[in-house]
Amino acid sequence: MSKKVAQNDSRLLGLKSHDCHVIMQRLLPVGCRSLVTKNIWSTIVELCTFFKQLCASTVNVSDMVEAQKQLVLILCKLERIFPPAFFDIMIHLVLHLPEEAILGGPVHMRWMYPFERYLKRLKDYVRNAAKPEGSIAEGYVVDEALTFCSRYFDDVETRFNRPDMNDDGMHPTRQLSVFESQCKPLGKQSYVELDNNDRDKAEFYILNNSPELEPYLNEHKQELHVRLREGCLNINEVHRTEFAGWFFEKIYAMHRMQAPEVTTELLSLSSKTNMVVSSYPACIVNGVRFVTHDRDVRLRTQNSGVSWFKCDSKHMVTENNITSIDINGEAYKDDQFILASQAKQVFYVADPSRGPNWCVVQHVKHRSIWDITDDGLSDIDLLQHNSSSNFTLFVDLCNLQEINLLRRDQDVIPIVQPVTNASRPKSTQMKKQMRRMTLIRKKMMMIVPQKIRRRASRVLFRAMHWPLSMTKGLRNWKHYKKNSL
């Protein structure tokens, strides 16, 4: 996208349909907020939110029914902002898109982007500019032959059996979910020795984020409430520092009594971790590649950094499905441990409407990652995967009356008098004269002979097409009628 920006005159050149698709859904809602008033940019953001719903991988029918009602209000707000020349047939067709999605299914199964990419592939087959059709046909036949042969080669790596670039492999099935949270390390392995403080923080985070240990966490908190005096403010801190040791003694006591609920994984989880840990410059988690900041400095694309931000009203603002955060409000600076399965990739776009330290969070969905729904959710009327319900389409009509409907580049001419016959537009008078001349011509067909009728029809034809000679045409018609009789 950056290659298509002309820096001299600040224009976008050579945009394709997919580029406009990305701009409308990702960049336009963020950029327009600092350029126009809230009444205008909120309407534009609402329209962009509808297209996010429409292009989602999973389209909920109830969302499309509700969006069809909200679109009427959005277009009414647009009519109060933009001039009439803006509303052509393409703007009207937006009203029919929700119904088309309900009948035809998700848009990404029917749009033209795959075919446009394939046409680009066919154009690359051209080697002889004088015979483009023959080059395309020959290249297509070669590609089909190679595809047919590659499907029978099991011991040869082809594009059909080649693993993805960010494939992290199959995770083993474990009894405890914390042991299923694994990643695929990349690069040279190095060893880092942790101090006692960092090790204790990492251990408590692992234990606190294991859903199977919820009964033990509640039991330890109840013991602390009984042991400590009522109203103690440091119960959470004591629970944080003492739970690992209490859990270790609890599990080993149950293990000596040969309790059936104590498994090998639970016993391993209660044990102390090693002070020396392995460190890698990159890893693949959930099909996404993450690298360290030192490695990211040499690259143009940025894909590093795991941060916690404060989610209070002072450092995070959500408005019209746009979430802005203050990057200076970083939290948990001394405790930034997460599980591998909790890592999600997001992008940050600068928010010019709030200041240099604010960014808009952009969530993305990767191509090869699918969220398969459980059997318990099969009764929901879904058309595909992912979710259109992630974007709440709500049209705000509170400030609709504050939209300025006057143009600043033209003088305002108020209309204080009703429209009379004298001030009626000329087009209306012309239509009345045309209807009157048509009635006269029909009467002439009934009473005038054929020869005179031809000459009189020429006069009437001129009178109908040139209204300035209308009176003269009527006078000639009366003259011919008198002579013929």
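A residue counts as buried under 20% relative accessible area, as exposed over 50%, and as partly exposed in between, using a 1.4 Å probe and protein chains only. By that scale C183, at 35% relative accessibility, is partly exposed.

The model is predicted, so local features need pLDDT of at least 70 and side-chain atom pairs count only at pLDDT 80 or more, while totals for chains, interfaces and linings use all residues. Numbering starts from 1 along each chain as its sequence is written, and side-chain values use heavy atoms, with hydrogens and water left out.

**The chain as a whole**

The protein chain has 485 residues, of which 28% count as buried. It contains 15 helices and 13 strands; these are DSSP runs numbered from the N terminus, with helices (H or I) of at least four residues and strands (E) of at least two. The accessible surface of the chain is about 34,300 Å², and 56% of that belongs to carbon and sulfur atoms. Areas come from the Shrake-Rupley method with a 1.4 Å probe, and for residues only the protein chains shown count as cover. A contact means heavy atoms within 4.5 Å. Among contacts between residues at least 6 apart in sequence, 62% join residues at least 24 apart.

**Helices α2 and α5**

Two packed helices are described by the angle between their axes and the distance between the axes. For helix α2 (residues 38–54) and helix α5 (residues 97–104), the axes come within 11 Å and cross at roughly 5°. The two are therefore roughly parallel, a label for angles under 35 degrees. On the α2 side F50, F51 and L54 take part, and they meet L97, P98 and A101 of α5. This contact has six nonpolar residues, no polar and no charged ones.

The structure holds zero disulfides, a disulfide being a pair of cysteine sulfur atoms within 2.5 Å. For C183 the closest cysteine sulfur is in C283, 4.6 Å away, which is too far for a bond.

| Residue | Relative accessibility | Class |
|---|---|---|
| C149 | 37% | partly exposed |
| C183 | 35% | partly exposed |
| S150 | 12% | buried |
| D335 | 14% | buried |

S150 lies in helix α7 (residues 132–150). Not counting residues up to four places away in sequence, S150 touches T158 and F160. D335 sits in the loop between β11 (330–331) and β12 (346–350). Between D335 and K201 there are 134 residues of sequence separation, yet their C-alpha atoms are 6.7 Å apart.

How values were computed: Axes are lines fitted to C-alpha atoms, for helices over the stretch in contact, and angles run from 0 to 180 degrees between N-to-C directions. Angles under 35 degrees count as roughly parallel, over 145 as roughly antiparallel, 65 to 115 as roughly perpendicular and the rest as oblique. Ala, Val, Leu, Ile, Met, Phe, Trp, Tyr, Cys and Pro count as nonpolar, Asp, Glu, Lys and Arg as charged, and the others, Gly among them, as polar.
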